[in-house]
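Please look at the sequence and the structure below before reading on.

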Amino acid sequence: MKAVVLTARGGPEVLEFADVPTPEPGPDEELVRIVCTALNRADILQRIGGYPDPRPGITHEIPGLEFAGVVERIGSRVTM
């Protein structure tokens with residue numbers, strides 16, 4: 001899949017459009033095909049190093065806490 005990723009800490013120049021692996025939803029998660037997204041203040045703070053990535057253990061830092069899309073798959077324990 002394509003994503004905007006953080007390649008380093010800094011200004012907008014550290015944002016890069018890249019191919020990243022499509023994630024698999026965990027048992028309590030859903031996979032959303034994102035149609036649009038935005039960067040909010042937390043994403044900007046993450047880019048400059050002032051806010052940790054909210055998803056520990058990931059390979060790529062992908063900003064974009066705000067998004068809209070379509071649920072494609074759900075985890076085994078998702079009920080609503």
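Does aspartate 43 count as buried or exposed? In this predicted model, aspartate 43 has a relative accessibility of 2%, and because buried means under 20% relative accessible area, aspartate 43 counts as buried. The residue is found in helix H1, and, once its neighbours within four places in sequence are left aside, aspartate 43 is in contact with Ala38, Pro63, Gly64 and Leu65.

Glycine 11 belongs to the loop between E1 and strand E2, the latter covering residues 15-19. With a relative accessible area of 18%, glycine 11 is buried, since the cut-off for that word is under 20%. Glycine 11 and isoleucine 44 are 33 residues apart in sequence, yet the distance in space from C-alpha to C-alpha is 8.6 Å.

Serine 76 is placed in the segment after E4. Its relative accessibility is 69%, so serine 76 counts as exposed, a word kept for values over 50%. Between serine 76 and glutamate 66, which are 10 residues apart along the chain, the C-alpha atoms are separated by 24 Å.

Arginine 55 lies in the loop between H1 and E4, and its relative accessible area of 33% makes this residue partly exposed. Not counting residues up to four places away in sequence, arginine 55 touches Glu61 and Ile62.

The table sets out the accessibility of these residues.

| Residue | Relative accessible area | Class |
|---|---|---|
| Aspartate 43 | 2% | buried |
| Glycine 11 | 18% | buried |
| Arginine 55 | 33% | partly exposed |
| Serine 76 | 69% | exposed |

**The chain as a whole**

The protein chain contains 1 helix and 4 strands, and, when read along the sequence, these elements follow the pattern β-β-β-α-β. Taken along the principal axes, the C-alpha atoms fill a box of roughly 40 × 20 × 20 Å. Of the 80 residues in the protein chain, 28% are buried, while the accessible surface comes to about 5700 Å², with 58% of that surface belonging to carbon and sulfur atoms.

How confident is the predictor? The mean pLDDT of the protein chain is 88, and 96% of its residues reach 70 or more. Among the elements, H1 has the lowest mean pLDDT, at 87, whereas E4 has the highest, at 95.

**The largest pocket**

What is the volume of the largest pocket? The value is about 1200 Å³, and 38 residues line the pocket, with Met1, Pro23, Ile34, Arg55 and Ile62 lying nearest its centre. The elements that give two or more residues to this lining are strand E1 (2-6), strand E3 (30-38), helix H1 (41-47) and strand E4 (66-74). Strand E3 gives the most, with 9 residues. Sorted by class, the lining has 22 nonpolar, 7 polar and 9 charged residues.

Two of the residues nearest the pocket's centre, Arg55 and Ile62, are also a pair in contact, as arginine 55 touches Ile62. Helix H1, which holds aspartate 43, is likewise one of the elements that give two or more residues to the lining of the largest pocket.

Definitions and conventions. Residues are numbered from 1 along each chain as its sequence is written. This is a predicted model: local features need pLDDT of at least 70, side-chain atom pairs count only at pLDDT 80 or more; totals for chains, interfaces and linings use all residues. Side-chain values use heavy atoms; hydrogens and water are left out. On a 1 Å grid over the protein atoms alone, a cavity is a set of points where a 1.4 Å probe fits but cannot get out, and a pocket is an open set with protein on both sides within 12 Å along at least five of seven lines; lining residues have an atom within 4 Å of a point. Grid points are joined across faces, edges and corners, and a volume is the space filled by probe spheres set on the points. Ala, Val, Leu, Ile, Met, Phe, Trp, Tyr, Cys and Pro count as nonpolar, Asp, Glu, Lys and Arg as charged, and the others, Gly among them, as polar. Buried means under 20% relative accessible area, exposed over 50%, partly exposed in between (1.4 Å probe, protein chains only). Accessible areas come from the Shrake-Rupley method with a 1.4 Å probe; for residues, only the protein chains shown count as cover. pLDDT is the predictor's confidence in each residue, from 0 to 100. Contact means heavy atoms within 4.5 Å.
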